[in-house]
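Hi,

Here is the structure I said I would pass on. Have a look at it first, and then read on for what I found in it.

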Amino acid sequence: MDGFDHHVVPSFFICPISLQVMKDPVTISTGMTFDRESIQKWLFSYKNITCPITKQPLSDFRLTPNSNLLRLIQSWHLQHASSSTSSLTITAKFVEPNHDALMKMLLEEIQQPLLQVKSLRKMKSIIQENHGDDNRISCIRDDGLFSLLASLVVKTELPGTPQITGNDTLVTIAEAVSLLCLLRPSDETLRMVSEKENGLLICSLCSIMTQYLSNLQTRIHAALVLKPIFEVVDGIYKEGLKVEFFENIFEILKDQNSKHGSMAVLAILMEVLSYGKNKEKAIKGGLIPILIELLAEDNERRACEMMLVVLEKLCQKAEGRAAFLTHPAGMAAVLSKILKVSHVGDDKSISLLSCVLRFCIRSEAVAQEFMEVGGVTKICMVIQSECNSKTKEKARQILGFHLKTWNKSPCFPSSFKA
């Protein structure tokens, strides 16, 4: 035993099925060794007739105790009794388990309601322990596991109302969606699985995210899964969002404890608003006043940039501009970000204001409000700033929209008077 690294579990102590240190190692006819409980489940509970490792058909199902290996494991445990490595939890560097065996075990367990939650939590624990590690467990193949979990979500939760509303189902869905958040499948797999059956996975996740009777954390997880999906799927799958989708995402946007969730929702909005009638639906759903209030409170650069992008898209519609102007803090919230967030923020703010003011050239009330909240002064500052030339040109155009009104005011800079 002196040759063992005291900080590493020897790989041959690990059961290739359970990924844990074997308690009762047994050898089957192919010469492969497994923990008794795991191989019994493989052979007798799941009715497999092949070796999990070699895939060879088994004609002899006898399990022969591996006494020598058991003594080595027991001796190792004694030597490491006070060490944290005595834990049965393992990481990727300890073992290179068989992917197919573990995936089949998981598939079988998921098909049995009593084992679903346990198996999902087990896989989640394994991934979390190795997340971000270049030596991630070799059996965790994101593409295969993503497809498997996606099938569980769409079978359990159909668009609209869940098939089953029992508490066990809620827990199963929550675990499946939270596990999906940890996976990084290829774009090809993500697109293929998401577009399957006319985008059933997208519909299910949207339902969980906005309508499903689940906790906020599960809804946030659904948003985190949807974000990369909307980045790769065809535009047709972004068109069918319902007004209810936009009405019920506010809780996630407002949640200060999960910045990842609110950023995911903003990213989703940036992806989908250009498709179908999503802009109209978002405006009808009351998105503009929520974004204005959040913009006024948030000082985080990327969040502000994304909110400005979304607001600009919505203000391309007449009803969007009306909603923006109706809010008493609309103008002030956008102006407060100019020259304080980033060059991108400046450009988006000026573009948004240009869009709104261009269609209100004849409105003296809008011109007066803009001047009262410091808009004219801020626009002049942009023109004299180090912003890029396109942003400055947009600012000059804004200045010309109501020049006659603003020119009469003592607040208007003399250097810009006609």
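Strand β1, residues 25–27, pairs with β3 in the antiparallel sense, over two bridges. The sheet is open and has three strands in the order β2-β1-β3, with antiparallel pairing. At its edges are β2 (33–35) and β3 (64–65), each of which pairs on one side only. Apart from those strands there is a lot of helix: the protein chain has 21 helices and three strands.

Some numbers for the chain as a whole. It has 418 residues, and 51% of them count as buried. Among contacts with a separation of 6 or more, 69% are between residues 24 or more positions apart.

Which residues of α20 are buried? They are Thr391, Lys392, Ala395, Ile398, Leu399 and Phe401. Looking down the axis of α20, you will see these buried residues fall within an arc of 165 degrees, so they line one face of the helix. Ser389 and Lys390, on the other side of α20, are exposed. The N-terminal end of α20 is capped by Asn388, which has a side-chain oxygen 3.1 Å from the backbone nitrogen of Lys390.

What do the buried residues of α20 pack against? Their partners are α17 (343–358), α18 (364–372), α19 (375–383) and α21 (403–407).

One of those partners, α17, is worth a look too. It has 16 residues and reaches 22 Å from first C-alpha to last, close to the 22 Å expected. This helix is mostly covered, with twelve of its 16 residues buried. Among them are Asp346 and Asp347, as well as Ile350, Leu352, Leu353, Cys355, Val356 and Leu357. The buried residues of α17 pack against α14 (301–314), α15 (318–326) and α16 (330–335), and also against α18, α19 and α20.

Helix α19 contains Gly375. Is Gly375 buried or exposed? Its relative accessibility is 0%, so Gly375 counts as buried. Leaving aside neighbours within four places in sequence, Gly375 is in contact with Leu335 and Phe370. If you want a distance to check on screen, the C-alpha atoms of Gly375 and Val334 are separated by 9.6 Å, although these two residues are 41 apart along the chain.

Finally, a word on confidence. The protein chain averages a pLDDT of 82, and 81% of the residues score at least 70. Over residues 84–97, however, pLDDT stays under 50, and the model has 41 contacts beyond four places in sequence for that stretch. Residues 157–166 also have a pLDDT below 50, with 19 contacts in the model beyond near neighbours in sequence. Where pLDDT is low, the predicted coordinates should not be read in detail.

Cheers

Definitions and conventions:
Residues are numbered from 1 along each chain as its sequence is written. This is a predicted model: local features need pLDDT of at least 70, side-chain atom pairs count only at pLDDT 80 or more; totals for chains, interfaces and linings use all residues. Side-chain values use heavy atoms; hydrogens and water are left out. Buried means under 20% relative accessible area, exposed over 50%, partly exposed in between (1.4 Å probe, protein chains only). Helices (H or I, at least four residues) and strands (E, at least two) are DSSP runs, numbered from the N terminus. The arc is that of the directions from the helix axis to the C-beta atoms. Contact means heavy atoms within 4.5 Å. A polar contact is a pair of N or O atoms within 3.5 Å; within protein, one must be able to donate a hydrogen and the other to accept it, and residues adjacent in sequence count only if both atoms are side-chain atoms. pLDDT is the predictor's confidence in each residue, from 0 to 100. Two strands pair if DSSP finds at least two bridges between them. The expected span of a helix is 1.5 Å times one less than its number of residues.
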